[in-house]
Amino acid sequence: MQSKDILIHHGLTKTPCRSEMLRVLTASGTALSEDEIRGSLLVDFDRATIYRTLRTFLDTNIIHRVLLSPTEVKYALTDPGRERSGKPGHAHFHCQFCSRVFCLGRLPVDETNLPDGFEVREIEIVLNGICDRCKG
Ligand SMILES: [Zn+2]
Ligand SMILES: [Zn+2]
């Protein structure tokens, strides 16, 4: 999907910052941190605008958060087909050499292990390892 179509699909109007950030996220093919996104923008937007745009993208599920550590957050484009069933919960692969991050399919999580009355709201699974490119 082109970035313009992604915005329309989510009921958002096109702004220079939204278009440019989507271009960067689409082109990268991997999850990016806020700093990495900012570093790839061809236009200088102020931090508040970038922050607001990230929030909007998260709220509309255009992107999702990948928590690599308590202090390291990256943002990945959401594959609409993958998240159709509602509950977020696919795993991510993090390459420890090039630090690229990839969305994986759903991992089976055995919710029957939960104590009575507990309910899963979010699942954050990161597999750390080495990607094909670094391994080769
Ligand atoms: Zn790698
Ligand atoms: Zn993902």
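**Notebook: zinc site and strands**

I began with the sequence spacing of the residues that donate to the zinc ion (ligand 1), and it reads C-x2-C-x32-C-x2-C. I note here that the model is predicted.

Next I looked up the donor atoms themselves. The zinc ion (ligand 1) is held by the SG atoms of C95, C98, C131 and C134, at 2.3 Å. I then checked the geometry: the angles subtended by the four donor atoms run from 103 to 115 degrees, so the arrangement is tetrahedral. The cut-off I applied for four donors is that all angles lie between 85 and 135 degrees. For reference, the ideal angle for four tetrahedral donors is 109.5 degrees.

I looked up the accessibility of some cysteines. C95 has a relative accessible area of 0%, so I list C95 as buried. C98, another donor to the zinc ion, is partly exposed, with a relative accessible area of 30%. I also looked at C103, which is partly exposed at 24%. The limit that matters for these entries is that buried means under 20% relative accessible area.

I searched for disulfides, taking a pair of cysteine sulfur atoms within 2.5 Å as the criterion. The count is zero.

Then I turned to the strands. β3 covers residues 90-95, and C95 is a zinc donor. I found β3 in an open sheet of three strands, ordered β4-β3-β5, with mixed pairing. The edge strands are β4 (101-106) and β5 (126-129), each of which pairs on one side only. From one strand to the next the twist averages 25 degrees.

Which way do β3 and β5 run relative to each other, parallel or antiparallel? They run parallel, and four bridges join them. As one bridge to look at, I noted that H92 has V126 of β5 as its partner.

β1 takes in residues 63-69 and β2 residues 72-77; the two strands run antiparallel and are joined by six bridges. I63 is bridged to L77 in β2. How many residues lie between β1 and β2 in their hairpin? I found two residues between these strands.

Definitions and conventions
Residues are numbered from 1 along each chain as its sequence is written. Chains are lettered from A and ligands numbered from 1 in the order in which they are written. This is a predicted model: local features need pLDDT of at least 70, side-chain atom pairs count only at pLDDT 80 or more; totals for chains, interfaces and linings use all residues. Side-chain values use heavy atoms; hydrogens and water are left out. Two strands pair if DSSP finds at least two bridges between them. Axes are lines fitted to C-alpha atoms, for helices over the stretch in contact, and angles run from 0 to 180 degrees between N-to-C directions. Donors are N, O and S atoms within 2.8 Å of the metal (3.2 Å for Na, K and Ca); water is not among the atoms, so sites may look incomplete. Four donors count as tetrahedral if all angles lie between 85 and 135 degrees; four count as square planar and six as octahedral if opposite donors are over 155 degrees apart and all others between 65 and 115; anything else is irregular. Buried means under 20% relative accessible area, exposed over 50%, partly exposed in between (1.4 Å probe, protein chains only).
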